[in-house]
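Please read them with the model open.

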Number of protein chains: 2
Amino acid sequence: MNIAIIGGGGVIGQKLGRALVARGHLRGRDITRITLADVTAPTPIAGADVACVTCDMSDPSQLSSVITPDTDVIFLLAAIVSGHAEREFDTGIRVNLQGVLNVYEAARATGTCPVVVYSSSMAVYGGDVPDPITDLTYLNPQTSYGMQKAAGELLLTDFSRKGFVDGRGFRLPTISVRPGKANGAASSFMSSIIREPLNGQEAICPVGRDFLHYYLSPKRCVENLILGAEVETNALGPDRCMIMPGQMLSIGQMIDAMTEVCGPAPAKLIRWESQPEVEKIVKGWRFDLHPARALALGLRADDGFSDNVRFYVDEDLPPAA
Amino acid sequence: MNIAIIGGGGVIGQKLGRALVARGHLRGRDITRITLADVTAPTPIAGADVACVTCDMSDPSQLSSVITPDTDVIFLLAAIVSGHAEREFDTGIRVNLQGVLNVYEAARATGTCPVVVYSSSMAVYGGDVPDPITDLTYLNPQTSYGMQKAAGELLLTDFSRKGFVDGRGFRLPTISVRPGKANGAASSFMSSIIREPLNGQEAICPVGRDFLHYYLSPKRCVENLILGAEVETNALGPDRCMIMPGQMLSIGQMIDAMTEVCGPAPAKLIRWESQPEVEKIVKGWRFDLHPARALALGLRADDGFSDNVRFYVDEDLPPAA
């Protein structure tokens, strides 16, 4: 079992790599090789036969060392994030559309119909569609990032129908609590309002306590991606894309969960400050999602946001904090 | 008013060109130039300032003579048709996805936010979605052609949101009665079973009398495309794509309308012969469509299929027939 993780340098890619090393097998076979690929060299992961490769997927020739005829499973996690794709339209098209197409074509070129697990986003939803959002709700993205992810879904399903790849696409909830530093994503604050206070630092919350959104912990996301790779092809049906389960929560519920787990001090480090640019993007996103298809396949959400806080404290809290 | 028709050599492109010449104005201004562009040189149309250009839209450099800074309205009708895109996957991607993106980029490069009228298709619908199909039904294409058209829609709406183009996308019903010769489209028989008998020739019908589908005459389609270009931007809303009105009809109703207009002889020229390859594609298409948005904008269907037959006899019947 030879696995490629494109976006292997990112938060989810690294956790997925470590989880696969710990697990040792996938789809009934021992894992013999994991290739972590990213635009900058991924941090190495302890484990036999883990390779790190620098690869810009917008250049097809760079994919040849990542996807080879003996690649069995490809996790496609790499993307230009929402805020970045909104500021730099051309970069978003080049990576999130052309780059994704390049990955599918490289997978097709193996001639072995490898499994491709594609991370889409709930940003494919939005605008004038009725609640709740289901797997069959009209994709109506309100950002360039969402549009590019939706196009990647359509391509994945058609490449699968043609027998070129064995695709599984999951519309990821917003990941929280995401470790590390704030990034260019408009959703960045949805982790930093928890992460920074737990690290003993101030954080800015650009929306009110009642702002609702749909969340998943990095830990459960990785479990779901692995389950997504494991699912039998004939259980998927012709449409290969669906919502990954998450929880609908208000900012207030998240902060209360942090207080429940870690006491009242962290919440005092949150500064409330309106950011119209961020609000304009995130208020176009939907939050009431019903992930029926993925639940039927065994994927699941966290049990409560206090779990998300505990996962962060257990796995990701910097030693200094 | 400077107009480019990409796909100007096709049936709809030629009729649209002639209708615009006859009309003389669009969006409140006199038409000063019409450029008909297609992969093979379009048949010239009588009229001052009508140019014919050979252009493969999958090559961006070839678009520079078609879309210029003074282009006001672009009709994007060119496509690799469904059966062809199914047989030649790479050609479909190159033209229907990359080529469409090239057109949008060329329009964007003018810096003037030109109107782009994009012909999508009801082939974007299909699979496991409930009837009736509305403007907000999940796009679930069952063919590569449908997938490529759906991706073109997503791109059009996002290019419009960004202010790069002023897009309007219409999911065209199957055009019938289409003049000329049979083509590679799986829907080709939906015109030939009427056209060939009216021309005094045999035709093969690969589906039964009860097969339902959604149709529009070429004449009404052209009127709708022109209305689509005329619509004020603020009447469109953020999602620029919608169903173009048509009529749901059985094969039997179509043949009965032909008999009503032209007598019983033509229907006797139809040979009933199953074609599993064609059936497999067309049975994935949806037929019960509710085009609420386009109807509200003033677009409309034919009044009955006998009109479609009459339009063919009046406009398109070869002199020899």
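The points below cover the sheet, its helices, the core and the chain contact.

1. Basis. This is a predicted model, in which local features need pLDDT of at least 70 and side-chain atom pairs count only at pLDDT 80 or more, while totals for chains, interfaces and linings use all residues. Residues are numbered from 1 along each chain as its sequence is written, and chains are lettered from A and ligands numbered from 1 in the order in which they are written.

2. Sheet. Chain A has an open sheet of seven strands, ordered β5-β4-β1-β6-β7-β9-β13, with parallel pairing. Strands (E, at least two residues) and helices (H or I, at least four) are DSSP runs, numbered from the N terminus. Two strands pair if DSSP finds at least two bridges between them. At the edges sit β5 (50–54) and β13 (241–243) of chain A, each pairing on one side only. From one strand to the next, the twist averages 20 degrees.

3. One strand pair. In chain A, β6 (residues 73–76) and β7 (residues 115–121) pair in the parallel sense over four bridges. A:Leu76 has A:Tyr118 in β7(A) as its bridge partner.

4. Helices on the sheet. Helix α1 (residues 11–23) of chain A lies across β1 (2–6), β4 (33–38), β5 and β6 of chain A, at about 175 degrees to β4(A). Helix α3 (residues 89–109) of chain A lies across β1, β6 and β7 of chain A, at about 180 degrees to β6(A). Axes are lines fitted to C-alpha atoms, for helices over the stretch in contact; angles run from 0 to 180 degrees between N-to-C directions.

5. Helix packing. The axes of α1(A) and α6(A) (residues 218–230) come within 9 Å and cross at roughly 65 degrees. Residues making this contact include A:Leu16 of α1(A) and A:Leu225 of α6(A). Contact requires C-beta atoms, placed from the backbone, within 7 Å.

6. Core. The largest nonpolar core has 198 residues; A:Ile6, A:Ile74, A:Leu76, B:Ile6, B:Ile74 and B:Leu76 touch the most other members. Such a core is a set of buried Ala, Val, Leu, Ile, Met, Phe, Trp, Tyr and Cys residues joined through C-beta atoms within 7 Å. Buried means 20 or more other C-beta atoms within 10 Å of the residue's own. Beyond four places in sequence, the contacts of A:Ile74 include A:Ala4, A:Ile6, A:Val103 and A:Val116.

7. Chain contact. Chain A supplies 19 residues and chain B 18 residues. Helix α4 (residues 144–161) of chain A gives the most to the chain A side, with seven residues.

Key
Contact = placed C-beta atoms within 7 Å. Buried ≥ 20, exposed ≤ 12 C-beta atoms within 10 Å, placed from the backbone.
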